[in-house]
Amino acid sequence: MPTVSVKRDLLFHALGRTYTDEEFDELCFEFGLELDEITSEKDIISREQGDTKAEGASDVILYKIDVPANRYDLLCLEGLVRGLQVFKQKMEAPRYRRVSPASSEPQRLVITEETTAVRPHAVAAVLRNITFTQERYDSFIELQEKLHQNVCRKRTLVAIGTHDLDTISGPFTYTAKPPGDIRFKPLNQAKEYTAQELMSLYKTDSHLRHYLHIIEDEAVYPVIYDSNGIVLSMPPIINGDHSKISLNTKNVFIECTATDLTKAKIVLDMMVTMFCEYCEEPFTVEEAEVVYPDGRTCQYPELAYRKETLSADFINRKVGISESTEHIAQLLTKMCLRSEVMSDGEQIEVEIPPTRSDVIHACDIMEDAAMAYGFNNIPRTTPRTYTIANQLPLNKLSELLRQDLAAAGFTEALTFALCSQEDIADKLLKNISETRACRISNPKTAEFQVARTTLLSGLLKTVAANRKMPLPLRLFEISDVVLKDESKDVGARNNRRLCAVYYNKSPGFEVIHGLMDRVMQLLEIKPGQGNGYHIQAADDSTFFPGRCAEIFACGKSIGRLGVLHPDVINRFELTMPCSALDIDIEHFL
Amino acid sequence: MADTGLVETLLRRVEKVDGGLDSQDVATSLGVDHQAIVGAVKSLLALGDVISADQRSSKHWELTGEGCEIAEQGSHEARVVSSIPEEGMPQSQLMKLAFGKVGFSKAMSNKWIRLDKGHEGGPRIFKTVEHLEDLVRDKLLLVQKGQASQLEEKEKNELKKRKLLSEVTVKSYWITKGSCFSTTITKQETELTPEMIASGSWKEKKFKPYNFEALGVAPDCGHLHPLMKVRTQFRQIFLEMGFTEMPTNNFIESSFWNFDSLFQPQQHPARDQHDTFFLSGEQLGVSVYKYDWKIEEAQKNILRTHTTAVSARMLYKLAQQEKFTPVKYFSIDRVFRNETLDATHLAEFHQIEGVVADYGLTLGDLMGILHQFFNKLGITKLRFKPAYNPYTEPSMEVFSYHEGLKKWVEVGNSGMFRPEMLLPMGLPEGVTVIAWGLSLERPTMIKYGINNIRELVGHKVNLQMVYDSPVCRLDS
């Protein structure tokens, strides 16, 4: 969930009133936001770098607000204020308009064929006669960063470049060139670099190094030039220094290059809708024309208003309220979804503004109506759904056996389903190839290399961590292991196992054998061949030679028991003899 | 049992006195070691209220080894004087005596002797007094007779400085009659025996009282794991509410069921390598739907990141029924996240999930059912916050008021499944599916007061914690 930090006093000034922290927290809650933290720059620095570093830092109160991941329109102060003011019915949602330049042709961005290979899409727009202040400027930069981190998926899908239009001259060309052929002075650097040099320069940059991989291995890098050959940007890495915006910038050229056109349009709409209120003619955006390699042209930003029609009854039925059509239309209008009751008095026409890209379907509109009504004002009802409960037979059996194993003096352990390959193979004197283990391709540490194929290693690790406890240690676990199984759609299946260990000064084979007898008794299987159970000597590398037996029940092999091999004991850093029982309980369903 | 003779003697002594007596005095007068009397007192105390004894301590002065020698033979200085004959003695000869050095300087300062340095044949010592009062010896003799109180504190401290006296603390008992005082003692039985029951002899016997302050012997038994005890309770709650358990015994899931079927686009951050464990090797996925986007992506096998993947499979199965029937499903099982680990996050945890599918379910129904579910957990104050989740709309975070922390804390997530998810599965239009989820570990940690998840789950847990954990009653 993205977090937006805004200066409290600035926020209250824009909202036209002050709130106590509790009141504001309450307002956030109602609106689906979360006031995550109240802090200041000074607090943050002193927490992260110590008090001495914090000296002199600003102690202006900051609100850190968690915003739902699909609400890109609330990622800056401007959007938050607009959303809350409309919600509190202090203002009407503004109407965003795309306008043509008053006395000239629109700015043009020409996309060349070469970009297809690396980053094929681009959109652009102009904010004309904008007035920045320090706060507005900071917010403008911060919004780009928030969008980059969220909808732009760390610039892989979309990258934003903003430029002082008065320092460059169109038409602009979006092309792609071999890295050696691109040369310019990048933002905040004193000299020119080639693209290759830049890539190595930014290898150590704490911020930019995360984006290098996006184009690093491409034959050509994307680049935007103005008509004089000045580099605007080399997306998605860095802008040129020449066109950088400042507090005095009056006209901003915004370009978004992308691998996903839909997302690029959303991002451009967000950038311009959030900041066009500071233009001389508020809430207007000057169009730019994008020319495709095939000669097609498109005008951006789209700023599309879409209409949906739905009935008040639909909303009432889904939410569980019974409000009039008029009231529901009012509720939706509070959420920036301007709504009107249609002539039949039942249908509502809802207009979805370009800022609400999260609204996909009628259910999204229904949610907004419910939010505006207040989730906590909705009567809580009991559904009439009549059903009979059933337990999953495997879980029912596991639950019953757990109780009786504890009654038999064994203590339940709870171990991890993921472990290292060593745990299930080397340490148990097995070869990994005979374990049928599913391997994880992207483990962060050795602890998560494989899904366990046996419960035994987890139990032995539990014993090892509890060597100081009085002996004997009697432990069990009934849980799932994972085995490769070609007959399943995912190539693997879980297998429910019962595993127990007895750890003491003497091996206690008779104890673990007695537990096995008890389990069979609980499962109503009598000793004997055929339909009964019996054990017979078996070879298993995990066990001490001559001290392992295979367990057969109703003619099927269901598991093993025996005294563990001394090398197994050593490899788990244990010192005492240990006997173990391991059975598959799925046979008893 | 201490010597019975001594015990009886002690009892007779106690009988004779009105107030009480001191164990130290008894030892002195009987001429036995004080420890023997202490033993007798302790064994009498064990018999019940025969006597009562209060421990007390007293201080008294005793002669040191050197002090005893002086009391017997006189102070060093007196012995110097008495060993000098009329004609005097060479200093060198005096110094050879054991008491010579110390006695010489003291006798000199008392002016009991004089030294003639110029005497022919070396320095010689002569007596200057015939009779002397050996005050040091007299004082020590007083102390030896137990009359130390006649000396002034200053004098005693002086002698202490000369290491002739020491102050010792003596612990003793002040013994008085108890409420069941008697001079004869009957032997008390420790336990009831089968013979006593058979013969009826228990009627005549006295039984040693039990010490009810002590703990009993811990039963030799096995224990259930606290997290599993809580799981049992949650299972019970769902069953009480008529929910059927889903088969969640498939840790490995295809990306299709885990993400695609749940309306999580392939560019969704959750599908990143950073958050999900992917399986290596052959991909055997067979998917039910053909989408325009990359089928290889949907076929990637992963460790499921939520049990909702199973709910999706179950809803698909439900949609394949000839006629829709309403269902209530639940599951509690492991899920896996390839996330950064900390005190409250592990790579695997248990997810609790509830799902209801029926015609005409409302958001109010979801809140009502959550209200009932949490009521059974002892949580009565609930409120709901709008939230975002890719596969539910509306989505609500569930908050409960924590009386201890005096604030609202998040206890779960909930929502209505999106129609984009339900309709492709083939569920009839008009069927609404409401669902909620929470982790099993969090309420368990709150319940058992555990702050670090590693103290609850995994092989590193302290088994003593498992042994000591109480039964789980979530509503109390």
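Student: What makes strand 25 and strand 26 of chain A a pair?
Tutor: Two strands pair if DSSP finds at least two bridges between them. Five bridges join strand 25 to strand 26 (residues 543-553) of chain A, so they pair, and they run antiparallel. Strands here are DSSP runs of E, at least two residues, and helices are runs of H or I, at least four, numbered from the N terminus.

Student: How do I read the model itself?
Tutor: It is predicted: local features need pLDDT of at least 70, side-chain atom pairs need 80 or more, and totals for chains, interfaces and linings use all residues. Residues count from 1 along each chain, chains are lettered from A and ligands numbered from 1, both as written, and side-chain values use heavy atoms, without hydrogens or water.

Student: Why is strand 25 of chain A called an edge strand?
Tutor: Strand 25 (533-537) pairs on one side only. Strand 20 (411-412) of chain A does likewise. They belong to an open sheet of seven strands, ordered 20-23-24-28-27-26-25, with mixed pairing.

Student: How do you know that A:E34 and B:K385 form a salt bridge?
Tutor: The rule asks for a side-chain nitrogen of Lys or Arg within 4 Å of a carboxyl oxygen of Asp or Glu. Here the N to O distance is 4.0 Å, so the pair qualifies. Seven salt bridges are found across the interface of chain B and chain A.

Student: What makes residues of chain B and chain A count as in contact?
Tutor: Heavy atoms within 4.5 Å. By that rule, 96 residues of chain B contact 89 of chain A.
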